[in-house]
Amino acid sequence: LTNTYIHVSLLSRFIDNLFNSDITHTNTTYKVCRPFSSNAVVIATISHVLKAAIICKGVLIEWVTVKGYDEPMEIEDLWTESRYEVFRKVQEHTHSAMLHFFSPTLPELAVKSYMTWLNSYSKLFLEPCKRCGKYVSNGLPPTWRDLRTLEPFHEECKNC
């Protein structure tokens, strides 16, 4: 029991340090809480654009919920989708990126890389698609961010 407690305590401290000092992005704030015992929920507020609840199991990201900046992000509704189509689409993309950046052998690098990618949404409504040059297509801004370059694309433009 003591070894388990020490392990959980170290993981908790690791997540706290990672989001409170190691990961810094302009106009992004992080709030770490633990409503589910040792597993952390990190609420990231990115500019005045969106909020993301990042649910961690140990040091691995297990689930992400994305909502608009004006939507409530409460612990009891972490599984409720955004009322806005644009943020539901961004949430889909966050799940793809979560799988892309997954690395159980380098969890710190994985989380930092993922958060850098997620932070690229700070200009969700300000940047045009790199393929077509439009700000809006099919009623949405470019909701996909390239996993390597972080460039914005409309979903229909990303594979062209």
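1. The structure holds zero disulfides, a disulfide being a pair of cysteine sulfur atoms within 2.5 Å. C129 takes part in none, and the nearest cysteine sulfur, that of C157, lies 3.8 Å away. This is a predicted model, in which local features need pLDDT of at least 70 and side-chain atom pairs count only at pLDDT 80 or more, while totals for chains, interfaces and linings use all residues. Residues are numbered from 1 along each chain as its sequence is written, and side-chain values use heavy atoms, with hydrogens and water left out.

2. The sulfur of C132 is 3.8 Å from the closest cysteine sulfur, in C129, which is too far for a bond. C129 is buried, with a relative accessible area of 3%, whereas C132 is partly exposed at 34% (buried means under 20% relative accessible area, exposed over 50%, partly exposed in between, with a 1.4 Å probe and protein chains only).

3. S103 sits in the loop between α2 (85-101) and α3 (107-119), where helices are DSSP runs of H or I with at least four residues, strands are runs of E with at least two, and both are numbered from the N terminus. S103 is buried, with a relative accessible area of 17%, and, not counting residues up to four places away in sequence, S103 touches L60 and A110 (contact means heavy atoms within 4.5 Å).

4. Residues lining the largest cavity include S103, L60 and A110, and α3 gives the most to this lining, with four residues. A cavity here is a set of points, on a 1 Å grid over the protein atoms alone, where a 1.4 Å probe fits but cannot get out, and lining residues have an atom within 4 Å of a point.

Definitions and conventions
On a 1 Å grid over the protein atoms alone, a cavity is a set of points where a 1.4 Å probe fits but cannot get out, and a pocket is an open set with protein on both sides within 12 Å along at least five of seven lines; lining residues have an atom within 4 Å of a point.
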